[in-house]
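Me: I would like to go through this structure with you, one topic at a time. Could you keep the answers plain?
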Amino acid sequence: MKRKIALSLLLILLMCLVLPVTASAASANGNLGCVTDSAGILTEEQRQELEDIAAGISEKYQCGVYIVTTPDYTEFGRGTISLCAEEIYDRYLHGFGETGDGILFLVSMADRDFDLDAHGSFGNYAFDYQQRDRLVNSFGPFFRNDDWYNGFKAYLVAVEQRLVPAVAGYPAYLESLETQQAQQAKMIAGAKGIGSFLVGVLTATGVCGGMKRQMKTAREKDDADEYMTPTSPHMQIVQDHFLNRTRTVQVIQQEPRDSGGGGGHSGGGFSGHSHTSGKF
Amino acid sequence: MPEQITNFQCPSCTGPLHFDGSIGKLRCDYCGSTFTVQEIEALYGDKIEDAQTAAAQAAESAQQSPPEQDWNWNAVSDDWGEAGIDMRAYTCPSCGAELICDATTVATQCPYCGNPTVVPSQFDGHLKPDYILPFKLDKVAAVKALKEFYRDKKLLPREFASNNQIEKIQGVYVPFWLFNGTAEVDMSFRASRSMTHREGDRIITETDHFQLRRAGNVDFERIPVDGSRRMPDAHMDAIEPFDYSELKPFSPGYLPGFLANKYDVDKEECAARADERAAHTAEEVIEATAMSSGYATCSPMGKSIRLHRGEVNYALMPVWMLSTRWKDQSFLFAMNGQTGKLIGDLPVSKERYWSWFARIAIPVAGALAAVLYFFV
């Protein structure tokens, strides 16, 4: 009996040790659900309901719809909420398709910050900066009244409303993108051709100019270098007088990543992260 | 009235003597005997003096004695007009022919008997050169050098090199003025030196500004300027430099076999060119001392150049002049008779120019395009 108790205790201890590691490993491998409420602002029922809605939308439109709440994004040590969102997306979320299409809605409760991080080619197409502004309008009124559940619900409705036309318009968009890329490729090829031609012409002009100069060797001299005595010059005054010091400061420009509530947008075919962040 | 001239004849066979640069001696054209310049000088020293005296007496008697009146010479004028001012008549001591030469001619060759002749009176007093640089290279070397010169000239018309014949080749002792002097240069500059470091997200550049002054003297020895109007300055400048270590005190013994002219541009006129060259080099040299002082930027702000002219020497330098004709155009080449440096302007074949242009431009453009298409 004592042996069974001891074995049971050992098993419990092992489970206690192994499970968090597994959970952590699972998280690290990208197994977060669609709705993760680390800030604890939703009841489990509310979270589950939102999880079901978000998962349904994600599957239906093949575009990950994620909500993550956190007590304070600064605990991630990434400087800005946008960088924090990118970290979460890249490490714990997959998105859909080859480019990891999806949108992450990160809410940080400490200073009431949010970030909408669109990712992937389709994700950026569907949720460009204008669409992200619309999403902000969907949850904003609820969040201002601390009505988190209804805010998230309104957000998910707005997301689906956007995804319907986005899915329909995406092939045409891709086609236009291809055309655009083809035109760009043509322009680049043309520029390469013209550049090569110009380099060839300039090289030939230089070389032939050198050959032509060899044909004219009778030139008047304007110097007398060869007749300077070996001991020259005899320096008599060598003065270096300090006048003043000037100081210029150049601020290193950081690549803008935060759109600050509606600024950022994705370019055609862009499949990285694009953000809209702000406060509620 | 013809003036007296001297021709150096072989003491052994009385054949004409030529200075042979390859051996540095005078050689007899007929028997092949060779003599040093000093030997010939010793032998002909009296003759040269006699010729100079005779020239002076001839000039005097021409003024004193009235012309004979046996014949009516009215229709025949010895007035050469303005052209006569620059002409001189000499009698060849070998064949008695009358030679009409330029007033500046010092040494030439009789067109009738071919004997090299020297006009000693042209070296009187201040006209006498201080130095002479003897020819080291002969006519054969000059012709060879010209052929070499044509080689590797990718834009030269093919027919020019193949059909072109040397129209005239002449070894000439060209009169040069050699200027010594010092250039006193005083220059000021603005210079700066920068240091850059990073403080957080800022790049800080600190620049120290300086005012520099550099002053010094630059000495020049024997800047050559040709004193002959007939010699193109560009050709004479381009065959420089001469090796002055081989300069010899002047002696007419080096002249036989070559054409020689006395100067017709005086030293005052030539000094301007020497000054210009000296000032330019002196400025560059002093500027270089500032530029090499370790500053990132350095630009001249002001300068003062004073030239102190020193001794001027008069020397005869050896030059081979070669002229060719092609498609009714004359091409003149000059070769330094001491160093063999040959210069001259050549015609450019348009066909060959564009052919080379295409041969360079097309592969370069093609290769670059291929690299850009496949690797970029």
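Me: Which elements do the buried residues of α5(A) pack against?
Reply: This is a predicted model. In it, the buried residues of α5(A) pack against β4 (113–119), α4 (121–126), α6 (148–215) and β6 (273–279), which belong to chain A.

Me: And which residues of α5(A) are buried?
Reply: Q131(A), R132(A), L135(A), V136(A), F139(A) and F143(A) are buried in that helix.

Me: Where does the kink in α5(A) lie?
Reply: The kink lies at S138(A), shortly before the proline P141(A), and is about 30°.

Me: What span should the helix have, at 1.5 Å a residue?
Reply: Helix α5 of chain A has 16 residues, 129–144, and should therefore span 22 Å. The C-alpha atoms at its ends are 22 Å apart, in agreement with that value.

Me: What follows α5(A)?
Reply: D146(A) follows, and its phi is positive, near 60°.

Me: Changing topic: how many residues of chain A are in contact with chain B?
Reply: In chain A, 50 residues are in contact with 59 residues of chain B. On the chain A side, α6 and β5 (234–251) are the elements that give two or more residues. The largest share, 18 residues, comes from β5(A).

Me: How do the residues of that side divide?
Reply: The side of chain A that touches chain B has 21 nonpolar, 16 polar and 13 charged residues.

Me: In which sense do β5(A) and β11 of chain B pair?
Reply: They pair in the antiparallel sense over 16 bridges, β11 being residues 202–226 of chain B. In this pairing, V251(A) stands opposite R202(B).

Key
Residues are numbered from 1 along each chain as its sequence is written. Chains are lettered from A and ligands numbered from 1 in the order in which they are written. This is a predicted model: local features need pLDDT of at least 70, side-chain atom pairs count only at pLDDT 80 or more; totals for chains, interfaces and linings use all residues. Helices (H or I, at least four residues) and strands (E, at least two) are DSSP runs, numbered from the N terminus. The expected span of a helix is 1.5 Å times one less than its number of residues. The bend at a residue is the angle between axes fitted to the seven residues ending there and the seven starting there. A residue is buried if 20 or more other C-beta atoms lie within 10 Å of its own, exposed if 12 or fewer, and partly exposed in between; C-beta atoms are placed from the backbone. Two residues are in contact if their C-beta atoms, placed from the backbone, lie within 7 Å. Ala, Val, Leu, Ile, Met, Phe, Trp, Tyr, Cys and Pro count as nonpolar, Asp, Glu, Lys and Arg as charged, and the others, Gly among them, as polar. Two strands pair if DSSP finds at least two bridges between them.
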